[in-house]
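This briefing goes through a protein structure topic by topic. Have the sequence and the 3D view open while reading.

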Amino acid sequence: MRQSWRKQRETLFLWICRGVTFLAIFILGILLFHILKEGANWLSFEFLTRFPSRFPAKAGIKSALFGSVWIISMTAMISIPLGVATAFYLEEYAPKRRLFRFLQVNISNLAGMPSIVYGLLGLAIFVRFFNLDRSLWAGSLTLGLLILPVIIISSQESIRAVPDSIRDAAFALGARPWQVILGQLLPAALPGIMTGIILALSRAIGETAPLIMVGALSYVAFVPEAPGDPFTVLPLQIFNWAGRPQVDFHGIAAAGIIVLLIVLFMMNFIAVMIRQRFQRYKM
Amino acid sequence: MKDDIKEKEVILKIENLSIAYGEKLAVSRVNLGFRKNQVTAVIGPSGCGKSTLLRAINRMNEFNPIVKTEGNISCRGQNIYGSKVDPTDIRRTIGMVFQKPNPFPKSIFNNIIWGPKINGFLKDPDQVVETALKRAALWDEVKERLHDSALDLSGGQQQRLCIARAIAMNPEIILMDEPCSALDPKSTAHIEDLITELRSNYTIIIVTHNMQQAARISDETAFFYEGRLIEFGVTKMIFTKPNHKQTEDYITGRFG
Amino acid sequence: MTKAKWIDKTLEGFLILCVSMTALTTLSVVLILGKESLSFFSHVSIVDFLFGTRWEPLLEPQSFGVLPLVCGTFLIVMGAMVIALPAGLLIAAYLNEFASNRFRSVVKPVLEILAGIPTVVYGYFALTFITPQLKTVFPEMQVFNAASGAIVVGIMILPMIASLCDDGFRAVSTTIRDGAYALGARPYEVMTQIILPSAKSRVAAAVILAMSRAIGETMAVTLAAGATPKMTLNPLESIQTMTAYIVQVSLGDTPAGGIEYQTVFAVAALLFVMTLTMNLIGNHFIYKGR
């Protein structure tokens with residue numbers, strides 16, 4: 001009796017767990033289906049090559065697409081060297097003392113700081129103090145700081161996964177720390193570091209709030225040509241359309257979301273490929 | 001003495017047991033019988049399959065999906081690997097003590113009553129705890145602080161608590177997987193005394209890499225090498241007049 | 001000094017420079033928020049700000065009680081947690097103790113995708129799907145409402161809770177797990193009575209970090225939950241969160257230096273203090289759980 005009741009309880013528990021897990025998959029399915037349903041009709045090649053317009057039927061995302069490409073390239077150039085270098089310092093140089101603990105705690109807190117606070121930081125420092133105005137510079141520096149902790153933490157994990165024996169072997173051959181880092185550790189940890197970088201950049205592509213703070217525009221009828229130009233990005237364009245009451249604008253917002261999600265899934269796919277193909281040392 | 005041992009009933013019987021990790025054979029065609037109320041030691045160099053064998057007895061290998069088990073193990077004639085048998089039921093009658101003490105992060109008291117509680121036969125918790133702790137020779141040391149965390153005990157005390165936890169289930173057989181390997185010599189001596197005492201109530205199978213320990217506490221000894229049972233017999237005989245060269249080499253310390 | 005040694009020193013110097021950027025970022029945030037808030041508090045008393053129940057900084061007569069924004073944020077966070085915490089725990093439990101490796105390899109990417117979808121997309125989803133669905137159940141509901149925002153924020157933080165709990169459950173050593181199984185425990189008993197209590201500090205960390213994330217969440221609530229600062233616990237009404245207020249002001253043309261402009265920094269400072277505190281506590285729990 002007692003034993004069968006135990007088994008029944010377990011079966012019940014299992015079904016609840018299973019139900020919730022399937023619900024999560026189901027919600028993702030609904031979300032994707034809803035967006036496809038709303039946006040598919042608005043999607044066309046012209047949608048990618050037209051500038052925004054007051055009329056949904058004539059609107060496109062050319063400026064937003066170019067803006068996103070600009071922003072993400074500049075963000076990458078700013079945050080990758082900074083992030084990877086910081087990770088190497090923390091893992092290989094930093095004396096494991098109070099200072100190290102402080103830096104580490106600080107970085108995890110930065111990783112959890114709301115993105116809108118980064119926006120205010122960018123507004124006060126880059127837009128006003130350095131007088132960069134509403135330029136690509138201001139936007140990409142802000143996003144660069146935002147994803148810096150993400151890159152640092154994932155790079156640290158990849159570096160930590162390289163076995164000590166490699167480090168020891170290199171040092172035993174008389175290599176100096178920089179030779180060990182550039183010659184052994186960086187190549188060994190590179191696949192993991194790259195995976196982390198791509199995931200961090202895909203987060204930056206979807207960010208909206210900090211760019212609103214630094215004054216990215218929502219109506220841009222030109223393609224930015226230099227880092228000093230004003231700009232808009234895909235998620236901002238989507239936000240602008242989604243916030244309007246007319247249903248047609250919701251349709252083009254969904255079409256914009258489809259483009260954004262395709263870009264994101266492609267990046268995720270590349271990250272997974274790198275992780276599976278090249279990663280020798282796993283956490 | 002020798003005849004005395006042979007007269008005892010065989011309670012647990014292993015027939016033609018083979019265990020593989022994927023492609024790699026860890027235990028190969030083993031036949032072995034364990035006698036009631038007796039300590040049987042399983043010895044052999046590391047990687048010889050002795051822990052794998054032990055975990056097969058209470059079906060703990062099944063958590064690792066790559067492990068494949070063939071052959072039969074029966075307890076009092078009941079096939080442990082029968083298709084209708086729930087491994088959970090097996091584990092209720094065959095207790096186990098692990099290499100490293102693994103008390104739950106609960107109080108001493110709750111560690112001991114947890115097994116009887118979930119299995120639904122806890123009647124008098126205080127009595128269960130007292131009996132189990134007394135049998136495990138831990139009562140006097142902890143009776144004043146039964147509700148303190150088990151993690152505050154020393155390593156040796158923790159291991160005796162784990163033994164008490166197994167005893168509280170009232171098992172017939174207790175499996176011990178190198179129970180002293182993580183302990184200091186003094187705690188080890190303590191546990192060895194305990195094992196000798198427990199023999200009157202339980203059947204004990206102990207895996208150990210410490211040959212002196214096997215010689216001191218066991219009635220019969222099985223020697224394993226590379227997954228095969230090389231020799232099995234009365235401990236005194238194994239340690240004084242082994243039949244096989246490999247056994248002799250191992251117990252005299254020529255390899256292992 | 002040899003050349004190799006010289007490169008070493010240069011590289012180390014460069015690395016230290018990079019590391020100091022992270023410290024500098026935190027320092028700048030504190031300085032900027034501190035400075036602007038200080039000048040805000042020279043006009044408005046800090047007590048009126050923290051305990052006032054009317055938030056109308058853009059209309060005459062102005063009133064700077066931040067509690068309606070805090071209340072809106074609280075409503076969203078609590079709603080989101082009610083959805084995400086049990087679901088996240090159950091998913092983590094299932095993945096950990098019951099699911100086959102194959103099932104795990106399907107669910108994990110699904111969670112990663114859910115975690116990677118931009119928040120503006122969730123906002124759109126809330127506005128154009130969840131709200132209309134809710135409206136069929138609660139016809140009197142407003143177009144912008146806390147419930148829709150809370151649900152969508154719940155979906156957003158679900159992957160975070162599930163993966164933090166999953167990590168916590170995995171960190172429980174297998175020897176303890178084995179000990180429980182050896183006593184004849186069933187998997188769900190091991191899960192609920194041994195693993196969950198052992199991982200409780202990591203679960204607490206998951207809760208706190210997820211709440212901090214929900215507090216800072218911006219775009220989804222800006223789109224879905226409305227722009228009406230209000231002291232209400234009714235999820236069917238339109239509210240405004242702290243983050244949504246900051247966005248609202250930034251979208252308008254508020255001149256720098258005015259008191260309206262400074263409210264943004266005061267609200268952000270409060271937001272920063274709240275999330276920082278929670279992150280510190282949460283990360284401490286993770287550290288302690290190791």
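**Helix packing and open spaces**

Helix α10 of chain A and helix α5 of chain C are roughly parallel to each other, because their axes cross at roughly 20° and angles under 35 degrees count as roughly parallel. The model is a predicted one.

**Helices α10(A) and α5(C)**

- Two packed helices are described by the angle between their axes and the distance between the axes.
- The crossing of α10(A) past α5(C) is left-handed.
- On the chain A side, the contact is made by P235(A), I238(A), F239(A) and A242(A).
- On the chain C side, these residues meet V120(C), Y124(C) and L127(C).
- The contact of α10(A) with α5(C) has seven nonpolar residues, no polar ones and no charged ones.

**Helices α6(A) and α8(A)**

- Helix α6 of chain A spans residues 136-161, while helix α8 of chain A spans residues 177-206.
- Their axes come within 8 Å and cross at roughly 155°.
- Angles over 145 degrees count as roughly antiparallel, so α6(A) and α8(A) are roughly antiparallel to each other.
- The crossing in which α6(A) passes α8(A) is right-handed.
- From α6(A), the residues in contact are L143(A), L146(A), I147(A), V150(A), I151(A), S154(A), S155(A), S158(A) and I159(A).
- From α8(A), the residues in contact are A189(A), G192(A), I193(A), G196(A), I197(A), A200(A), L201(A), R203(A) and A204(A).
- By type, the contact of α6(A) with α8(A) contains 12 nonpolar residues, five polar and one charged.

**Chain C as a whole**

- Chain C contains 12 helices and two strands.
- Along the sequence, the pattern of chain C is α-α-β-β-α-α-α-α-α-α-α-α-α-α.
- A box of roughly 75 × 70 × 35 Å, taken along the principal axes, is filled by the C-alpha atoms of chain C.

**The second largest pocket**

- The second largest pocket holds about 710 Å³ of space.
- It is lined by 22 residues, and the closest to its centre are F63(B), N64(B), P65(B), N96(C) and E97(C).
- Three elements of chain C give two or more residues to this lining: α3 (67-97), α4 (101-116) and α7 (174-182).
- Of these, α7(C) provides the largest share, four residues.
- The lining of the second largest pocket is made up of 10 nonpolar, five polar and seven charged residues.

**The second largest cavity**

- In the whole structure, a search finds three cavities of 30 Å³ or more.
- The volume of the second largest cavity is about 40 Å³.
- From chain A, its lining includes N109(A), L110(A) and M113(A).
- From chain C, the lining includes T26(C), F272(C), T275(C), L276(C) and N279(C).
- At least two residues of this lining come from each of α4 (98-112) of chain A and α12 (259-289) of chain C.
- Helix α12(C) supplies the largest share, four residues.
- The lining of the second largest cavity divides into four nonpolar residues, four polar and no charged.

How values were computed
Residues numbered from 1 in each chain as written. Chains lettered and ligands numbered in written order. Predicted model: local features only at pLDDT ≥ 70, side-chain atom pairs only at ≥ 80, totals over all residues. Heavy atoms only, no water. 1 Å grid on protein atoms, 1.4 Å probe; cavity = no way out; pocket = protein on both sides within 12 Å on 5 of 7 lines; lining within 4 Å. Points joined across faces, edges and corners; volume = space filled by probe spheres on them. Nonpolar A, V, L, I, M, F, W, Y, C, P; charged D, E, K, R; others polar. Axes fitted to C-alpha atoms, helices over the stretch in contact; angles between N-to-C directions. Parallel < 35°, antiparallel > 145°, perpendicular 65-115°, else oblique. Left-handed = near helix turned anticlockwise from the far one by under 90°. Contact = heavy atoms within 4.5 Å.
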